[in-house]
Amino acid sequence: MIFILFLLLSLVYIYLTWNFDYWTKRGVPSPKARVLLGDLPNGLLKTENVIYDIGKIYNNFKSKTPFVGMIQTRVPRLLILEPEVIKDVLIRKFNCFRYAELVEIVDTKLDPLFAKNPFLLMDEEWKEKRADITPAFTSNRLKVLYPIIQDLSAHMIKYIINESKKNEPLDSLEVAAKFTTDVVSNCIFGIDAESFTKEKPEIREMGKRILEPNFSNVVKLFLAESFPFMRKLMRIQFMPNDVKDFFVNLMQQALKHREEKKICREDFLDHIIQLRNKKNISELEMASHTMSFFSDGFETSSVAISHALYEIGNNTRVQDKLRDEINKNCNKSGLISYETLTELPYLDQVFHESLRLHPPAVMISKQCTEPTDLEFDGKRVTVEKGINVFIPILQVHCDSNYYFEPDKFYPERFDDGAIKDYLDRCVFMPFGAGPRICLGMRFALMQTKAAIAAIVQNFEISVNKKTQNNPLVIDPVAFINVKVGGLWLDFKSLKKE
Ligand code: HEM
C-alpha cells in the first residue's frame with residue numbers, strides 16, 4: 001500500500017515538475033520554480049494579485065535579458081521585458097500571436113453572449129466581427145452619443161451633490177460604475193438604467209456579475225490555465241444564466257421599443273439593427289454584440305475614471321490646472337463641445353498619466369499561433385506553438401528606464417504630444433497595440449474624459465483617509481485593476497447654492 005502511495009506521489013511529482021527545465025534547455029533565463037506554485041505562486045494562493053509575482057520577476061531580470069521563461073504551476077510561459085520584443089509580439093509578428101489563451105478557455109456554447117466578442121474570437125471570425133463592429137465607433141456616431149453622455153454627467157453631478165451633503169466620502173469606483181452603467185445602457189439599449197436614482201438598479205446589479213471573480217470561477221480558471229487538458233472537462237461558465245437571460249431580454253425589449261415607436265438614433269443598437277438587416281443575424285447574436293460593448297466597456301472605463309479622480313484628488317496643482325483648462329474652454333452654460341473635449345491637451349495628459357500608473361488591464365497575454373523566433377541584442381528564443389506570452393503592461397509603464405520618477409503622477413511628462421512617442425515605442429499601451437488594439441478606445445476616451453471634466457468643473461476633490469493608500473494594492477482575485485478597500489474621495493461643491 002505504502003509502495004503504491006509512494007509510486008503515485010512520485011508520478012504526480014514527475015508530472016508537476018516535468019517542464020521545470022523547459023526554459024533552461026532552451027537557454028532562456030528563468031527563476032527557480034516551486035512544485036505546484038511554479039514561478040507564479042499567487043496564481044494558486046491568491047494572497048496577492050498575480051501581477052505582483054510578475055513584477056518581482058520583471059524587476060529581477062530587467063536589463064539582463066529581453067525575455068524570461070516562467071512556469072505557471074507546470075505550464076511554460078514567456079514574459080517579455082523588452083519593448084522592441086513587445087512590438088514584435090503585438091505588431092510585427094502579429095500573425096504568430098493572433099489571440100489570447102482565454103479564447104480557448106471560454107466555451108461559447110455555455111456563454112453564448114461572449115460568442116461575438118472580438119476579444120474571444122480567432123482568425124477569420126475575429127476579422128469579420130471586428131470589421132462589423134468598427135463602424136459603430138466613427139466620429140459621427142460618437143458625436144450623436146455625446147449629448148446623452150453630457151446629460152448623464154449632469155445626473156452624476158446631482159447625485160454627488162446630494163450624497164456629499166451627508167458628509168461621508170464616496171467610493172469613486174462606485175460613482176464611476178454608476179455613470180458608465182448609465183452611459184453604456186443608454187448608448188446600447190437606449191434605456192435609462194437610473195443608477196443614480198434607484199436604490200439597487202437592476203442593470204447595475206447584473207452588470208456587476210458579468211465578470212465577478214467568484215470563488216468557483218477563480219478556481220476553474222486556475223485549473224484551466226495550469227492543466228490545459230482539463231479545459232474541455234470543466235465547462236467553465238462565466239456568466240450566470242439569470243444574467244444572460246436578463247441581457248437577452250433587455251435587448252429584445254429595446255428592439256421592440258425602437259421598432260414600435262419608430263425611433264431613429266444613430267447609436268450602437270441602430271448599428272446592430274443594420275447588421276441584422278444586412279447579414280440576417282439572430283437575436284442571440286445581436287444580444288452577444290451588445291454584450292461585448294457592455295462587458296468590455298463598462299468596467300474598464302469605470303476603473304479608469306476612478307483612478308484618474310483619485311490621482312487628481314491627491315494633487316492640488318494638477319487639479320487647479322485642469323479646472324482652469326476646463327473652465328476656459330466651456331461655453332456660457334458651462335458645457336464643453338465634443339470637439340473641444342477630445343482636444344483639451346491637459347485633460348488628455350492627466351487621463352493618460354493616470355492610465356500609465358493604473359492601467360485597467362495590467363497585463364495582456366498572447367498565445368503563440370505559429371512557431372517563431374524572438375530576438376533582441378543577440379539573445380534569441382524559439383517560441384513553440386501554444387506557448388503563452390505575457391506582456392506586463394503595468395511594469396513597463398512604471399519602469400525607470402522609460403519614465404523619469406515613474407511612481408510620480410506627473411501629467412507634464414506627456415507635454416507637447418509626447419504620448420505618441422511612448423506609444424510608438426510600446427512603453428505605453430493601456431489599450432494594447434497592433435491589430436487587436438482596443439476596439440472601443442475612442443468611445444472609452446469620450447465617456448471617461450466627459451465624466452472627469454464634469455466632476456473637476458463642479459467639485460474640489462480630495463482623497464479621504466478611508467482609502468488604504470501607500471501603496472495602493474490591487475485586489476488579489478480581480479481580473480482587472482481594482483484596488484483593495486476602494487478609492488474614497490471627498491467632494492466639495494464649487495457651485496454656490
Ligand atoms: C479605459 C477603458 C478601456 C481600456 C483601458 C481598454 C483596454 C483594452 C485592452 C488592453 C485590450 C486588449 C488589447 C490586446 O489584446 O492587444 C482591449 C481590447 C478590447 N476592448 Fe477595450 N478598453 C477600454 C474600454 C473599452 C470599451 C469602452 C469598449 C467597447 C465599447 C472596449 C472594447 C474592446 C474590445 C471589443 C476589445 C477586443 C479587441 C480585439 O481583440 O480585436 N474597450 N481593451
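I began with the shell around the ligand, and helix H15 gives the most to that shell, with seven residues. This is a predicted model, where local features need pLDDT of at least 70, side-chain atom pairs count only at pLDDT 80 or more, and totals for chains, interfaces and linings use all residues. I number residues from 1 along each chain as its sequence is written.

I found 25 residues surrounding the ligand, the closest being Asp296, Gly297, Gly432, Cys438 and Gly440. The elements giving two or more residues to this shell are H15 (283-313) and H21 (441-458). I took a residue as near when its C-beta atom, placed from the backbone, lies within 6 Å of the molecule. Helices here are DSSP runs of H or I with at least four residues, and strands are E runs of at least two, numbered from the N terminus.

Next I checked H13 (residues 241-260) against H15: their axes come within 9 Å and cross at roughly 105°. That makes H13 roughly perpendicular to H15, a label for angles of 65 to 115 degrees. On the H13 side, the contact (C-beta atoms, placed from the backbone, within 7 Å) is made by Phe247, Val248, Met251 and Gln252. The H15 residues include Glu283, Leu284 and Met286.

Last, I looked at H5 (residues 83-92), where Pro83, Val85, Ile86, Asp88, Val89 and Leu90 are buried, meaning 20 or more other C-beta atoms within 10 Å of their own, again placed from the backbone. Their cover includes strands S1 (67-72) and S2 (75-80) as well as helix H19 (393-397).

How values were computed: Buried ≥ 20, exposed ≤ 12 C-beta atoms within 10 Å, placed from the backbone. Contact = placed C-beta atoms within 7 Å. Axes fitted to C-alpha atoms, helices over the stretch in contact; angles between N-to-C directions. Parallel < 35°, antiparallel > 145°, perpendicular 65-115°, else oblique.
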